[in-house]
Amino acid sequence: MQVPTQIISAHCVVAFPDVVDIENAPGLRTALQRIIEAHAHTCDALIADLSASRFATATALSVLVEARRRTRRKGMDLYVVVPAPLARKSFVITGLTESIPLYTTLGEVPGRTAPPAPVAAPVPASSARMPRQPDGGQRGECRTRDGGAAGGEDPPTP
C-alpha cells in the first residue's frame, strides 16, 4: 500500500486514508512499519495525519496504538493530527488521549510554528446528567408501558 509521506522539520508526516478498515489496515500497518524503520534515524517523530477522516474507526485506533509501540521502541514520538470532532471523540472515549497527543492542525504539533491545542477532557460519568423530558423521565432512560422507570422505582413527582 502506498501511503503519502513527507519529512517536515525532522517529523515524518504520514497521510492516512479517509477510512481505515479491515481491508486496508494490514497494508497501512506494513507501510507504517517500513516508514518507521526507514526514518527512525532521521526523524524525531511520526505524525499520523487523519485530516481526511471524519471519524476514527476501532481499526484505525488499533493501527495507531501499534504505531505508538513501534515509534517508542525506535526513540520516536507519535503525534496525531485529527481535526474532525467525531474522530477526536473516539480517542477521548477510549482514553487514548492519555498516551497519544492529538492536534487539530500540523502547525500545532510540537516543533512546529504554534503551541499544541489542549484536548478537552471527558466529563466523568458521575457528573454528567441527562436532561429531563416532559414526562419526567430522562433522555435515554428506559420506561415501562405504564410509564414507570424500567429497572427501578419512579422518581417522586413534584
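Which pattern does the protein follow, read along the sequence? Read that way, the order is β-β-α-β-α-β-α-β.

1. Basis of the note. This is a predicted model, in which local features need pLDDT of at least 70 and side-chain atom pairs count only at pLDDT 80 or more, while totals for chains, interfaces and linings use all residues. Residues are numbered from 1 along each chain as its sequence is written, and side-chain values use heavy atoms, with hydrogens and water left out.

2. Overall make-up. The secondary structure comes to three helices and five strands. Helices (H or I, at least four residues) and strands (E, at least two) are DSSP runs, numbered from the N terminus. The protein has 158 residues, and 34% of them are buried. Buried means under 20% relative accessible area, exposed over 50%, and partly exposed in between (1.4 Å probe, protein chains only).

3. Surface and contacts. The accessible surface is about 9,600 Å², with 54% of it belonging to carbon and sulfur atoms; such areas come from the Shrake-Rupley method with a 1.4 Å probe, and for residues only the protein chains shown count as cover. Of the contacts between residues at least 6 apart in sequence, 59% join residues at least 24 apart. A contact here means heavy atoms within 4.5 Å.

4. Strands 2 and 3. Strand 2 (residues 11-15) is mostly covered, with four of its five residues buried. Strand 2 pairs with strand 3 in the parallel sense, over five bridges; two strands pair if DSSP finds at least two bridges between them. Val14 has Ala48 in strand 3 as its bridge partner. Together with helix 1, these two strands make a right-handed β-α-β unit. Right-handed means that, with the strands pointing away from the viewer, the path from the first strand over the helix to the second runs clockwise.

5. Helix 2. The 16 residues of this helix (residues 58-73) should span 22 Å at 1.5 Å a residue, and the end C-alpha atoms are 23 Å apart, which agrees. The expected span is 1.5 Å times one less than the number of residues. Buried residues in helix 2 are Thr59, Ala60, Leu61, Val63, Leu64, Ala67 and Thr71. Their cover includes helix 1 (25-39), strand 3 (45-49), strand 4 (77-81) and helix 3 (85-94). Just after helix 2, Gly75 has a positive phi of about 80 degrees.

6. Salt bridges around Glu66. The structure holds three salt bridges, each defined as a side-chain nitrogen of Lys or Arg within 4 Å of a carboxyl oxygen of Asp or Glu. One joins Arg29 and Glu66 (2.9 Å, N to O). This pair links distant parts of the chain, with Arg29 in helix 1 and Glu66 in helix 2, 37 residues apart. Glu66 also forms a salt bridge with Arg70, with the closest N and O atoms 3.2 Å apart. Both of these residues lie in helix 2, four residues apart, about one turn of the helix. Arg29 is partly exposed at 25% relative accessible area, and Arg70 is partly exposed at 21%.

7. Lys74 and Glu37. These residues form a salt bridge whose closest N and O atoms are 3.2 Å apart. Lys74 is in the loop between helix 2 and strand 4 and Glu37 is in helix 1, so that the pair links distant parts of the chain, 37 residues apart. Both ends are partly exposed: Lys74 has 37% relative accessibility and Glu37 has 43%.
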